[in-house]
Structure formats: C-alpha cells, structure tokens
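Here's a quick briefing to read with the model open beside you. Take a look at the fold before you dig in.

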Amino acid sequence: MTDSTKIRVLVVGAGNMGRSHALAYASIPEFEIAAVCTRTPESRASLMAELPTGTAEVNDYEKALLELKPDAVCISTYPDTHYPFARLALTAGCHVFTEKPLAENTEQCKELVQLAREKNKALVVGYILRQHPSWIKFVEVAKSLGKPLVMRMNLNQQSYGKNWETHKNLLSSISPIVDCGVHYVDVMCQMTGAVPTRVSGLGAQLSDELPAGKINYGHLQVTFEDGSIGWYEAGWGPMMSETAFFIKDVVGPLGSASIVAADAGSRGSSSSVDAHTKTERILVHRSQKNEQGEWEQDDEYIDLEDEPDHDELCKREQLFFLDGVLGKADLTEHQDSAIRASEIVLAADNSFRKGQTIALNT
C-alpha cells in the first residue's frame, strides 16, 4: 500500500544516472518510487535488486503515466527522448526532474519551462556540478579574479568496452559538446555573470563505428558581453588521448584558479563517472606584486572536506528537486540557466555544421 503523504515518482531509465536517482529516491523519506520504467525487464534487472522489495516495474511510459498517476517523473533516458517525455509528464500534471540536456533545441527548452510555469510544476534539470561544494567554491574564487575571464575546460573520455557501447548509442542522437558541454558552459556563465554573445564550434568523426555525420569529438569557443572568453573540449572513444584530458582552469587579471585532481586526472580514469565530478583541491594564484616585483601572496591550495561521490551528488540533486516540488526553492534562475546553457552548446554544434560563428540572442 502506498503512503498518500509521499511524493510518488515514476523513474524512467535504469542506466547509470537512472540507477543513482532511483537510489536517491529510495533513501529520501518524502519520496516513494511509483515504478521503474524501461523498455525491457533485462535493462532494469540490476537496479531492481538494489531497490526495496516490491518496487513496481513497467515497460510502457505513456501507459504508466495514465494508470499510475505519479506526482513526479524522473527522466534518465537517451537525450532525444527528454523533450517528449518531459512534455507528456508536465501535461499530465507531474513535476519533472530530467537529465540534461533539457531538449534538442532552444525552442523546445523554452516551451518546457513555460509549460512547467503555467502548470505550477517543478522542472529541474540535472546540472550535477551545481550541487558540488568544491565546484561552488571554484565559481566563487573565479569571481574574485577580475574581468575579463579566460575559462578553459575539457572532459575527454578514453572509453572502451561497455562504456564505448554506451557512448556509441548516445552519439547517435547527440554530440559530446552538447551532452557534457551544458555542465561546463553553465559553470562559465556563473563565473562571468555576463551575457554570452557568440559561439563557434569544431567537430570531427574519429571512428567508422559511428553513423555518417555523427561526431565523437567537439570543441566550442564562447564570447561574453564583458569580454570574457571560454573554451570547452569533449571527445569520446577508444582513440582518445589521456594526456591533459582533465582541464578545469580560469584566469583573470588578478590571478588564476585551477582544479588539481591527481586521481581524477590520472591515466585510466577518464572513463570513470566518479572521476568526472571530483575536484580534490583548488590551486589559487594571485597576480599582485610588491614593490620588488615579487608575489604578495603565495599560491594557495583549497581543500574541501566535503567531496561527495556520484550517488551522493545525485541525492543532493533530488533534495533540490524536493525543495522545488514543495515550493521551498525558486526555480526561475535554474530554469533560465538551463535554457541559456542549452542555447550555447546547440549553437556550437550548429556552428560546426555551418562553418560559421553563431550570434546568440540570450
């Protein structure tokens, strides 16, 4: 028997992200899993073994929405399903948590946000770095470095075996700079606090295992109204180099800040999900000099004790979602930022395909 005081969530997708979100719901007293929905029982078998006995399983998403009438839906499926699944859920009167990207184009992102606001329903996108204490600190330090900022970030993944199979499936519907890029351009937007004005992109297909026109390497460059600039690079596949694959660095007139991740940046870890969010420590350099031309301050390492793993970060995302559902959090900035980040990465992909810089209307 279900508890009518709990928020009943239909969990859609049982892959890496779906698993972590489902475990989060199972651990948060205010939530109850209405069912786990995937296309086949085999795809959710491992997850079901970790969830409370008796958790329902379903195969048909639309039918589950109609029959189970959940209060909320968690979408952790392939990117090309995010928009239609979220739209169906919001139309049915459900709160929605969806993995990024929110949709495949900016117009769809805006449509979903408007629909959520009209329905007075929470809509949260899985920007996991916004819940990470060290990334929050990284943004805070960046804001102390003056303007303009130069922001350099990448996340290349030397994927193979099961991870490469997953990446190939993802690449059939999305490029790496769109899928992962939303996280890092969102960080850039937080750091500079300025309007992005233009973006350009590059791309390459480095594997004959991909369909024609699908790229597994991409690079974007974004310019902001205050003169700040940033680049982001992402590549997936067994051919990717693990030399300098993990760069998180920001430079301003007053100094620089860099994530120094000895474990996350070590050889063999680029395909590790936990490594993608690890910071370990932040190196801060201040550029002020004294009368003798020497540094006024020594370089500083910032170590934060709170270094949550992937499952804990997903739980924190769901606690943020809970606040949104309960009306304890204003989601306006979160949703506007989701639209903005999507616009930038989608424009970068469009830039590569058109061979020209794209002006932004953000």
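Predicted model: local features only at pLDDT ≥ 70, side-chain atom pairs only at ≥ 80, totals over all residues.

Residues are numbered from 1 along each chain as its sequence is written, and side-chain values use heavy atoms, with hydrogens and water left out. Helices (H or I, at least four residues) and strands (E, at least two) are DSSP runs, numbered from the N terminus.

**Pockets**

- A pocket here is an open set of points on a 1 Å grid over the protein atoms alone, where a 1.4 Å probe fits, with protein on both sides within 12 Å along at least five of seven lines; lining residues have an atom within 4 Å of a point.
- The largest pocket holds about 1700 Å³ of space, where a volume is the space filled by probe spheres set on the points, and grid points are joined across faces, edges and corners.
- Its lining runs to 49 residues, and Gly15, Asn16, Met17, Ser76 and Thr166 sit nearest the centre.
- Elements giving two or more residues to that lining include helix 1 (16-27), helix 4 (82-91) and helix 9 (181-192), but helix 7 gives the most, with seven residues.
- By class, the lining of the largest pocket has 17 nonpolar, 23 polar and nine charged residues; Ala, Val, Leu, Ile, Met, Phe, Trp, Tyr, Cys and Pro count as nonpolar, Asp, Glu, Lys and Arg as charged, and the others, Gly among them, as polar.
- The second largest pocket has about 290 Å³ of space and 14 lining residues, with Thr106, Glu107, Glu343, Leu346 and Ala347 nearest its centre.
- Helix 12 supplies the largest share of the second pocket's lining, five residues.

**Helices**

- In helix 7 (residues 161-171), Trp164, His167, Lys168, Leu170 and Leu171 are buried (under 20% relative accessible area; exposed is over 50% and partly exposed in between, with a 1.4 Å probe and protein chains only).
- Down the axis of helix 7, those buried residues fall within an arc of 160°, so they line one face of the helix; the arc is that of the directions from the helix axis to the C-beta atoms.
- The buried residues of helix 7 pack against helix 8 (176-179), with contact meaning heavy atoms within 4.5 Å.
- Helix 6 (residues 133-142) is mostly covered, with seven of its ten residues buried, among them Trp135 and Phe138.

- Nine strands make an open sheet of mixed pairing, in the order 14-13-12-11-7-10-9-8-15; two strands pair if DSSP finds at least two bridges between them.
- Strand 14 (300-302) and strand 15 are the edge strands, each pairing on one side only.
- Strand 4 (residues 72-75) pairs with strand 5 in the parallel sense over four bridges, and Cys74 has Phe97 as its bridge partner.
- On strand 5 (residues 95-98), His95 and Phe97 point one way and Val96 and Thr98 the other, and all are buried.

**A loop residue**

- Asn120 sits in the loop between helix 5 and strand 6 (123-125), and counts as exposed at 66% relative accessibility.
- The C-alpha atoms of Asn120 and Leu102 are separated by 18 Å, with the two residues 18 apart along the chain.
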